[in-house]
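Please look through the structure below.

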Amino acid sequence: QLRLVESGGGLVQPGGSLRLSCAASGANMEHYTIGWFRQAPGKEREGLSCISVGGDMTNYVDSVKGRFTISRDDAKKTVFLHMSSLKPQDTADYYCAGGVSTYCSSGYLAKFDEYDYWGQGTQVTVSS
């Protein structure tokens with residue numbers, strides 16, 4: 001069973017940057033597609049990005065394209081989400097998820113119900 005723990009959230013000013021980490025344990029992360037999601041108060045969970053097994057394919061929702069970058073380091077059992085040019089509307093709880101049969105490609109962003117395992121989330125607040 002894959003266990004995921006997010007970290008790196010916090011308070012940042014508009015225009016600033018943060019790097020979120022998703023640390024895996026309990027199973028071999030290199031066999032899993034990993035995705036990042038967020039949920040703001042009163043809103044539905046939004047898929048942000050995914051990275052395929054091996055890391056050769058990624059995808060992003062339009063609202064974060066050019067600002068967020070997903071990457072993985074399987075040796076460190078960690079997936080990262082680099083976030084830059086942050087906006088107040090990026091304020092949310094951020095979650096990573098893993099799926100062994102989840103498909104991610106440059107043309108397909110996996111949906112939340114396609115993942116099997118979830119972390120507990122890390123809070124990001126963008127405010128001056």
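Rings of Phe, Tyr and Trp (for Trp, its six-membered ring) count as an aromatic pair if their centres lie within 6.5 Å; planes under 30 degrees apart are called stacked, over 60 edge-to-face, and the rest tilted. A search of the whole structure by this rule finds 5 aromatic pairs. The model is a predicted one, in which local features need pLDDT of at least 70 and side-chain atom pairs count only at pLDDT 80 or more, while totals for chains, interfaces and linings use all residues. Residues are numbered from 1 along each chain as its sequence is written, and side-chain values use heavy atoms, with hydrogens and water left out.

Phe37 lies in strand β4 and Tyr115 in the loop between β9 and β10, so the pair ties together parts that are 78 residues apart in sequence. Strands, like helices, are DSSP runs numbered from the N terminus: at least two residues of type E for a strand, at least four of H or I for a helix. Buried means under 20% relative accessible area, exposed means over 50%, and partly exposed is in between (1.4 Å probe, protein chains only). Phe37 counts as buried because its relative accessibility is 2%, and Tyr115 counts as buried at 6%. Phe37 also pairs with Trp118, this time in a tilted arrangement with 4.9 Å centre to centre and 55 degrees between the planes. This second pair links distant parts of the chain, with Phe37 in strand β4 and Trp118 in strand β10, 81 residues apart. Trp118 has a relative accessible area of 25% and is therefore partly exposed. Phe37, Tyr115 and Trp118 form one aromatic cluster.

Strand β4, which covers residues 33-39, also holds Arg38. Is Arg38 buried or exposed? Arg38 is buried, because its relative accessible area is 7%. Its side chain makes a polar contact with the side chain of Tyr94, at 3.0 Å. A polar contact is a pair of N or O atoms within 3.5 Å; within protein, one must be able to donate a hydrogen and the other to accept it, and residues adjacent in sequence count only if both atoms are side-chain atoms. Contact in the wider sense means heavy atoms within 4.5 Å. Leaving aside neighbours within four places in sequence, the residues in contact with Arg38 include Glu44, Glu46, Phe68, Asp90 and Tyr94.

The next topic is the disulfides. A disulfide is a covalent bond between the sulfur atoms of two cysteines; here the cut-off is a pair of cysteine sulfur atoms within 2.5 Å. The whole structure has 2 disulfides. Cys22 and Cys96 form one of them, with their sulfur atoms 2.1 Å apart. This pair links distant parts of the chain, Cys22 being in strand β3 (residues 18-25) and Cys96 in strand β9 (residues 92-99), 74 residues apart. The torsion about their S-S bond is about 75 degrees, so this disulfide is right-handed. Both Cys22 and Cys96 are buried.

Cys50 and Cys104 form a disulfide with sulfur atoms 2.1 Å apart. Cys50 lies in strand β5 (residues 46-51) and Cys104 in the loop between β9 and β10 (117-118), so the pair ties together parts that are 54 residues apart in sequence. The torsion about the S-S bond of Cys50 and Cys104 is about 85 degrees, so it too is a right-handed disulfide. Cys50 is buried, with a relative accessible area of 0%, and Cys104 is buried at 2%. With the bonded cysteines numbered in sequence order, the pairing is 1-3, 2-4.

The strands come last. Two strands pair if DSSP finds at least two bridges between them. An open sheet is formed by 4 strands in the order β1-β3-β8-β7, with antiparallel pairing. At the edges stand β1 (3-7) and β7 (68-73), each with a single partner strand, so one side of each is left without a neighbour in the sheet. Within this sheet, β3 and strand β8 (residues 78-83) run antiparallel and are joined by 6 bridges; Arg19 stands opposite His82 in β8.

Strand β11 (residues 122-126) is joined to strand β2 (residues 10-12) by 3 parallel bridges, and to β9 by 3 antiparallel ones. In β11, Thr125 is the bridge partner of Leu11, and Gln123 stands opposite Asp93.
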